[in-house]
Amino acid sequence: MDDLHLAVVERAEAALDVAAALDFVSDPRFGGIAVFVGKVRDFNVGRHVVGISYDLFVPLALRTFQAIGERARAEVGAPLKLYIAHAKGDLGLGDLAVVVAAGTPHRAEAFRACRLAIEAVKHEAPIWKQEHYVDGDSAWSEGCSLCEASAEETHDTAGHGGHGHAH
Amino acid sequence: MKTRIALYGALREADARGYLELDVPPSSSIAELRELLAAHLREHAPQVNAGLVRISAFASAEEILHNHREVPEGVELAVLPPVSGG
């Protein structure tokens with residue numbers, strides 16, 4: 001659909017582009033745009049991070065982004081353009097990991113759609129983060145289980161934003 | 001039947017090729033496939049935490065396949081450990 005831009009971008013080929021996201025969601029109907037930018041930071045759970053590798057199951061990730069876009073559209077009940085792009089491969093400190101932008105007539109819907117989309121990308125899309133530390137060690141981050149028991153638990157308690165852990 | 005299972009995240013470390021092939025009896029469920037994979041990892045990839053398979057999902061390129069679903073024939077599957085995007 002031309003009001004959703006959904007992408008996985010190989011870091012070796014390009015960086016994520018916030019200006020392109022703003023441009024995509026801009027529209028004469030829209031007075032509000034909300035953007036979330038996720039970047040690689042230098043410290044996590046007591047360890048100095050020097051980089052992150054992102055692994056994605058690309059076809060299912062794109063289908064998940066599509067489902068998130070459709071859910072956001074149903075939720076906000078207003079005209080919406082939504083941009084979701086996630087990086088893949090080896091990222092350095094300060095690199096952009098994810099960009100979500102939402103354009104709507106008014107700010108409340110833009111914030112709501114943007115928040116819904118980034119939370120869903122983090123909790124539902126088949127994406128894995130491996131942190132690399134200053135001492136040369138690496139570790140895959142603990143994450144959100146997509147399997148049945150955990151999914152049911154999440155849906156019971158989520159109400160979006162009610163997720164009980166810190167990532 | 002031979003079923004190929006693509007590996008992601010921490011489970012990639014189970015096989016440098018990025019996938020495994022398991023012999024799966026016809027009409028097996030995803031729950032049964034989960035047991036087969038856990039047993040395979042215990043035997044062939046002891047460095048991987050086989051407990052991770054308990055909290056991983058199985059999927060095709062189109063959708064997550066829950067425990068009661070039948071393993072589809074001739075389709076490459078993926079095993080998805082807990083996710084950590086963003």
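This report describes the two chains of a predicted model, their folds and the contact between them.

## Basis of the model

Because the model is predicted, local features are taken only where pLDDT is at least 70 and side-chain atom pairs only at pLDDT 80 or more, whereas totals for chains, interfaces and linings use all residues. Residues are numbered from 1 along each chain as its sequence is written, and chains are lettered from A and ligands numbered from 1 in the order in which they are written.

## Chain A

Chain A contains 4 helices and 8 strands, where helices (H or I, at least four residues) and strands (E, at least two) are DSSP runs numbered from the N terminus. Starting at the N terminus, the order of these elements is β-α-β-β-β-α-β-β-α-β-β-α. Of its 167 residues, 36% count as buried; a residue is buried if 20 or more other C-beta atoms lie within 10 Å of its own, exposed if 12 or fewer, and partly exposed in between, with C-beta atoms placed from the backbone. Among the contacts in chain A with a separation of 6 or more, 74% are made by residues 24 or more positions apart, two residues being in contact if their C-beta atoms, placed from the backbone, lie within 7 Å.

Helix H2(A) has 19 residues and reaches 27 Å from its first C-alpha to its last, close to the 27 Å expected at 1.5 Å a residue, the expected span being 1.5 Å times one less than the number of residues. The buried residues of H2(A) include A:Leu60, A:Ala61, A:Thr64, A:Phe65, A:Ile68, A:Gly69, A:Ala72 and A:Val76. As a general point, an α-helix has 3.6 residues a turn, so residues three or four places apart point the same way. After H2(A) comes A:Gly77, with a positive phi near 60°.

## Chain B

Chain B has 1 helix and 5 strands, and along the sequence these follow the pattern β-β-α-β-β-β. The radius of gyration of chain B is 12 Å, close to the 12 Å that the globule rule gives for 86 residues, so chain B is as compact as a globular protein of that length; the radius is taken over C-alpha atoms, and the rule is 2.2 Å times the number of residues to the power 0.38. The C-alpha trace spans about 35 × 30 × 20 Å along its principal axes. Of the 86 residues, 35% count as buried, and 52% of the contacts between residues at least 6 apart in sequence join residues at least 24 apart.

## The sheet of chain B

The 5 strands of an open sheet in chain B stand in the order E2-E1-E5-E3-E4, with mixed pairing; two strands pair if DSSP finds at least two bridges between them. Strand E2 (19-23) and strand E4 (64-65) of chain B are the edge strands, each pairing on one side only. Helix H1 (residues 30-44) of chain B packs on this sheet and touches strand E1 (2-7), E2, E3, E4 and E5 of chain B, its direction making about 115° with that of E2(B); axes are lines fitted to C-alpha atoms, for helices over the stretch in contact, and angles run from 0 to 180 degrees between N-to-C directions.

Strand E5 (residues 77-80) of chain B pairs with strand E3 (residues 57-59) of chain B in the antiparallel sense over 3 bridges, and E5(B) pairs with E1(B) in the parallel sense over 3 bridges. Within E5(B), B:Val79 is the bridge partner of B:Phe58 and also of B:Leu7, while B:Ala78 is the bridge partner of B:Ala59. B:Leu77 and B:Val79 point one way from E5(B), B:Ala78 and B:Leu80 point the other way, and all are buried.

## Contact between the chains

The contact takes 28 residues from chain A and 21 residues from chain B. On the side of chain A that touches chain B, two or more residues each come from helix H2 (58-76), strand E6 (96-104), helix H3 (107-124), strand E7 (127-133) and helix H4 (148-157) of chain A. The residues of that side divide into 15 nonpolar, 7 polar and 6 charged, where Ala, Val, Leu, Ile, Met, Phe, Trp, Tyr, Cys and Pro count as nonpolar, Asp, Glu, Lys and Arg as charged, and the others, Gly among them, as polar.

## Positive phi outside glycine

A:Val45 has a positive phi of about 45° although it is not a glycine; A:Val45 lies in the loop between strand E3 (43-44) and strand E4 (47-56) of chain A and is exposed, with 11 other C-beta atoms within 10 Å. B:Ser27, in the loop between E2 and H1 of chain B, has a positive phi near 65° and counts as exposed, with 10 C-beta neighbours inside 10 Å.
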